[in-house]
Amino acid sequence: MPVTNDTTDTTDHGTRAATGTRRPVPTAKVVVGLVAAVLAGVAVQLVGLPSGPTLFGTDLADLTTPVALFVALLLGSAVGVAGARAPWRVVDIVVASVLGVAGGLLFAVWNAFAYPVVSATVVPPVSAWYVGVWLLPGVLGGLVIRKPGAAVYTELVAAVLSALIGSSWGFSVVWYGLLQGLGAELVLAVFLYRWFRLPVALLAGAGAGLVVGLLDTFVYYPELTVPVQLAYIGLSIVSGVVVAGLGAWALTRALARTGALAPLRSGRDAERV
């Protein structure tokens, strides 16, 4: 299959930023859009979904927090996506799919062998230390592909494969994957998909960690006290930063040095990732 070089984002500002050498400053339009997105999500959370109707056997009211997060993250990411000029190529889809499948296999192995052992030794909030494992594919996909939607796509592919292989959490891992991917995607969108250095990788991991921390506390641990819930969310963010953010950044550099990412911008900018 012929492979073309990634020549997107050829404006002067975009070219300089594309190499990761200059940090783009979010514009007032982006900031206003993010505030509006957060307010929309808060509104959904406060109003709540109606109780009674079900979706895949789950009462709609129990899905209020996931839907509120989805609205806020999707609208927030759309602000950055609207200003990006980076269409996907075939090679982007192939590489993102491979990363997603690898992530799904990682989930399957972790869920089958490691999770039962580590989860039996700790309780919330300490149990949040390992959630970063489930966030790694999304951040990695975003750093490697560097296109709008890459973090969501990679994390979602991993989640779907994990569900198909078999997960004790059933279908919920799919919408968890969607929201976790959006958590990383939002950070990359805020930087307009033009800066991919270590600080952005760590922030993307933190974004995904915040999402899974909020989901877990509202969906699985609503009975915990507020201090314990806050501690759980904080540890989820730390896990996202260390495991997903730092881990994905290191993996991207390692992959680039092998030449596997040569057709991608991340491969050519390996020294500055």
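Predicted model: local features only at pLDDT ≥ 70, side-chain atom pairs only at ≥ 80, totals over all residues.

Residues are numbered from 1 along each chain as its sequence is written, and side-chain values use heavy atoms, leaving out hydrogens and water.

**Two helix pairs**

Helices here are DSSP runs (H or I, at least four residues), numbered from the N terminus. Axes are lines fitted to C-alpha atoms over the stretch in contact, with angles from 0 to 180 degrees between N-to-C directions.

| Pair | Axis angle | Axis distance |
|---|---|---|
| H4 (residues 90–119) and H5 (residues 136–145) | roughly 160° | within 9 Å |
| H3 (residues 64–82) and H7 (residues 172–190) | about 35° | 8 Å |

H4 and H5 are therefore roughly antiparallel (angles over 145 degrees count as such). In contact terms (heavy atoms within 4.5 Å), H4 brings residues including Val95, Leu99 and Phe107 to meet H5 residues, among them Leu140, Val144 and Ile145. By class, that contact has 10 nonpolar, 2 polar and 1 charged residues. Ala, Val, Leu, Ile, Met, Phe, Trp, Tyr, Cys and Pro count as nonpolar, Asp, Glu, Lys and Arg as charged, and the others, Gly among them, as polar.

H3 passes H7 in a left-handed crossing. The residues that meet include Phe70, Leu73 and Gly76 from H3, and Trp175, Leu182 and Glu185 from H7. The contact of H3 with H7 has 12 nonpolar, 4 polar and 1 charged residues.

**Along H9**

H9 (residues 226–258) has 33 residues and spans 46 Å from first C-alpha to last, close to the 48 Å expected (1.5 Å times one less than the number of residues). There's a bend of about 25° at glycine 240, taken between axes fitted to the seven residues ending there and the seven starting there. Just after H9, glycine 259 takes a positive phi of about 90°.

Most residues other than glycine have a negative phi, and most peptide bonds are trans. The bond from proline 124 to proline 125 is cis, with omega near 10°, and proline 125 lies in the loop between H4 and H5. Arginine 146 has a positive phi, near 60°, and sits in the loop between H5 and H6 (150–165).

Key:
Parallel < 35°, antiparallel > 145°, perpendicular 65-115°, else oblique. Left-handed = near helix turned anticlockwise from the far one by under 90°.
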